[in-house]
Amino acid sequence: MSSKLAKIEKRTAYLLILPSVLLVFSIILFPIFSNIWISFKNVKLKDLRIPEPRAKKLVKSIKDNPNQIKIIYKLRNSSLTQEITNVKFKDRYPDNIEPTNLDKRCEFKQKLLQCELGNWPKKYRENLEIVFQNTNNQEISKKGLKSYKPKLSGKSQNILLTYEFTLNNFKKVIKDKAFIDLLSTTFYYTFFGTIGAIVFGILAAQMVNQKFFGRTFMRSVLLFPYVAPVVALAYTWELLLDPTSGTLNNLLINYQIIDGPINLLGQKYVTLNILGFDFKLRLALTTVIIFEIWRYFPLAFLFILARLQAVPKELYEAADVDGANPIQKFLNITLPQILAVISILFMIRFIWNFNKFEDIFLLTGGASGTRTLPINVYQQGFSIGDIGMGSAVSIVIVVFLLIFMFIYFKLLGKRADEN
Amino acid sequence: MKIKNILTYCFISSLFLFSLICIWKILVTLQGIELINFNFNKLFVFGIVLCVINLLIGKKLNLNIKLILLALLFSIFDYFISINLPIWYSIGIFLISLFFFNTIKNYDKNFLSKNHSSQKLFFNFLTLFGITLFSFVILFPFYMMLVTSFKTQALLLLNPLDFSINFAQGLPELFKSYFVVFKDYNFGRYMLTSTIVSLGTVIITLIFAIPAAYAVARLNFFGKNFFSTSILIIYLFPAIVLVIPLYTIFSQLGLRNSIEGLLIVYTATTLPVAIYMLQGYFKSIPKELEEAGIIDGQNWLGIIFKIILPLSLPAISSVALYVFMIAWNEFLFSLMFLDRPNTFTLSRAIQFLNVGAETPRQYLMAGSVVVTLPILIIFVYFEKYLVSGLTAGSVKG
């Protein structure tokens with residue numbers, strides 16, 4: 001009896017999760033695996049269009065002979081790269097006309113013209129001309145002829161489904177001189193973005209954890225950058241930072257803090273002189289990182305605040321009795337309490353910043369030294385139009401991602417053991 | 001009284017007052033008023049003088065009279081060192097200094113003679129300073145977004161610091177950018193598309209996620225652990241690695257430029273987190289309630305609809321709001337899949353506006369306000385639910 005119940009339970013469970021599993025499989029897992037497939041192929045953006053045989057029908061009357069009419073089909077292969085095999089052609093005609101000079105490949109039967117046009121190589125073009133004669137001595141109506149449209153069909157290879165593979169994409173990705181630069185930019189962006197967001201998150205959480213007038217309002221305001229759409233925020237920042245008409249530059253010039261405008265999003269390097277040494281700071285990248293911190297510190301703030309509010313008040317009271325100052329209290333009580341949250345937060349944010357696309361894309365488009373791996377996926381795949389290369393870069397991202405996830409789950413497991 | 005405490009008190013208080021005045025001056029400058037100097041030296045020294053006076057007066061005067069007196073002194077001083085400014089500027093200075101002297105009213109002789117008072121003072125001001133600075137830095141871009149939408153490109157080129165709103169021109173003229181954005185740039189249509197897509201995603205995600213989450217939370221089946229861990233792993237895969245294969249598949253199937261395609265992708269990407277959040281909540285519902293349901297002869301459909309759903313309404317609302325927010329803000333997939341204006345979502349439409357470099361900035365900002373405002377209103381109104389959704393779903397961002 002109980003085994004029967006268990007069976008029913010199992011069947012119900014599978015029934016309940018099946019729709020979700022199917023959807024997630026087809027939209028997330030299947031694409032990840034097809035990424036591997038595509039990355040070993042030489043596929044360009046223009047290859048994605050399936051080749052079609054096309055025909056344009058022109059109707060021309062013949063001079064001094066109203067009983068005849070000439071029809072020209074301009075045939076072509078729409079693809080510049082692939083051939084179409086076994087092309088078939090079909091067209092219908094009105095009553096009472098007959099072809100006079102029929103092509104060998106064609107057949108006319110009961111108002112229906114059918115042709116077997118064979119194989120068309122790439123860029124194939126041909127004009128098929130047929131002269132028609134009326135059978136009832138009435139003038140042939142052009143309109144009637146034009147009202148039918150020819151139908152063509154043919155077989156073509158879908159480049160995505162062939163078994164031709166190449167290692168060229170990966171070779172190109174790794175041999176590219178810019179690849180090291182790409183990796184270092186990505187890690188620089190990810191690391192400093194993550195650290196910055198966490199540091200500001202801690203500061204903000206410390207502030208809001210104290211009692212003051214308007215505290216709940218403050219908490220909402222701090223989350224604004226995270227909940228607002230990235231498009232709106234990125235464009236607002238772009239306008240604020242614009243070198244000529246941007247508010248920030250004009251304010252700084254107005255208060256005589258700088259002499260001339262600084263192109264914060266368009267300048268790759270700026271040289272800083274600190275203690276007699278010249279430092280080259282990557283300006284555009286730093287600006288993008290500051291935007292990143294501005295947008296994502298609320299999340300760190302939310303997490304850390306939740307943890308801070310769970311810290312027992314007695315700990316602080318005891319410290320007060322011992323005469324500890326605020327810095328000691330922070331280092332000895334607060335920090336150990338939030339350390340676990342911070343480490344998890346660091347891993348999660350690291351993974352997500354590593355894959356961040358929209359922010360950089362909208363602010364700089366990957367120009368002036370802000371090209372990271374995700375931006376490269378887009379540029380290879382859609383700006384250059386090399387889908388295979390884009391996929392290969394995605395695979396590089398996935399490999400890094402798997403490494404990070406492995407570390408993350410190790411960390412999670414360790415924490416679970418400790419608890 | 002310790003000399004160290006008094007010095008810290010004077011310096012830090014005066015610095016804080018100065019920073020408040022700076023923010024006010026920046027905002028005033030952005031009204032197109034010519035102000036080219038923060039007058040750091042004079043204001044800082046005078047601030048210190050006033051702090052000392054405050055200390056000396058102590059409780060000899062009525063508190064309110066003292067506050068007004070000090071604030072008035074400061075405003076008059078500021079009025080004389082910065083010439084030709086409108087009266088509302090000085091009123092602002094007066095109110096700020098009133099607020100400032102109100103915050104330092106507790107720091108009297110008694111307080112300053114204690115041992116740790118300079119550190120306490122430092123951290124109190126750090127908090128105040130932090131709150132002011134954080135609010136300013138966060139709200140400033142939103143403020144600029146709003147005021148830019150009320151200006152015109154020509155006026156901004158004339159004086160890039162003049163963001164004053166001219167109410168005299170009448171409402172239709174003031175809201176012109178919004179009329180243009182809705183009328184000429186078709187934002188009404190995009191807004192409708194965005195709403196349909198977001199609500200559609202919420203509904204479909206819930207329909208898929210609730211049964212699955214229930215199964216994970218309550219039923220025993222082979223592969224349950226595998227299923228629940230893979231949910232989390234799948235959730236960590238970013239959109240950027242899905243973009244190329246989905247683009248190729250969707251363009252061959254003809255699903256690009258269709259709302260259905262977008263709905264499928266949004267649902268699939270938000271489904272893992274929805275299941276993850278819901279199953280956690282379902283587990284917290286006492287099992288006895290369901291057992292009672294089973295005894296009453298309910299099947300699993302009845303249990304979900306009559307017992308689980310009513311009890312987990314708060315969790316479902318936070319999932320719904322979170323999914324709505326993700327779908328409304330989503331940009332990457334809408335950029336990849338939509339290239340015909342008749343299927344644009346709001347985010348895609350704004351990006352399209354910006355790519356056409358000739359679009360005047362007030363229209364761009366009006367569009368940004370149109371896409372931002374609904375989500376901020378929803379956030380402020382349903383903050384409680386959305387915050388719990390954010391915390392639970394924040395593995396993604």
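Domain bounds here come from an automatic or database domain assignment. In this predicted model, begin with chain B and colour it by that assignment: domain 1 covers 3–148 and domain 2 covers 180–393.

Next, display chain A together with chain B and select the residues in contact. Chain A supplies 74 residues to this contact, and chain B supplies 84 residues. On the side of chain A that touches chain B, highlight helix 1 (residues 2–39), which gives the most, with 18 residues. Colouring that side of chain A by class shows 53 nonpolar, 18 polar and 3 charged residues.

Then remain in chain A and select helix 4 (residues 178–208) and helix 10 (residues 326–354), which pack with their axes 9 Å apart and at an angle of about 140 degrees. The two helices of chain A are therefore oblique to each other. Viewed as a crossing, helix 4 of chain A and helix 10 of chain A form a right-handed arrangement.

Finally, show the side chains at this packing site. From helix 4 of chain A, select Thr186(A), Tyr189(A), Thr190(A), Gly193(A), Thr194(A), Ala197(A) and Ile198(A); they meet Ile342(A), Leu345(A), Phe346(A), Arg349(A), Phe350(A), Asn353(A) and Phe354(A) of helix 10 of chain A. By class, this contact between helix 4 and helix 10 of chain A comprises 8 nonpolar, 5 polar and 1 charged residues.

Technical notes:
Residues are numbered from 1 along each chain as its sequence is written. Chains are lettered from A and ligands numbered from 1 in the order in which they are written. This is a predicted model: local features need pLDDT of at least 70, side-chain atom pairs count only at pLDDT 80 or more; totals for chains, interfaces and linings use all residues. Axes are lines fitted to C-alpha atoms, for helices over the stretch in contact, and angles run from 0 to 180 degrees between N-to-C directions. Helices (H or I, at least four residues) and strands (E, at least two) are DSSP runs, numbered from the N terminus. Angles under 35 degrees count as roughly parallel, over 145 as roughly antiparallel, 65 to 115 as roughly perpendicular and the rest as oblique. A crossing is left-handed if the near helix is turned anticlockwise from the far one by less than a right angle, and right-handed if clockwise. Two residues are in contact if their C-beta atoms, placed from the backbone, lie within 7 Å. Ala, Val, Leu, Ile, Met, Phe, Trp, Tyr, Cys and Pro count as nonpolar, Asp, Glu, Lys and Arg as charged, and the others, Gly among them, as polar.
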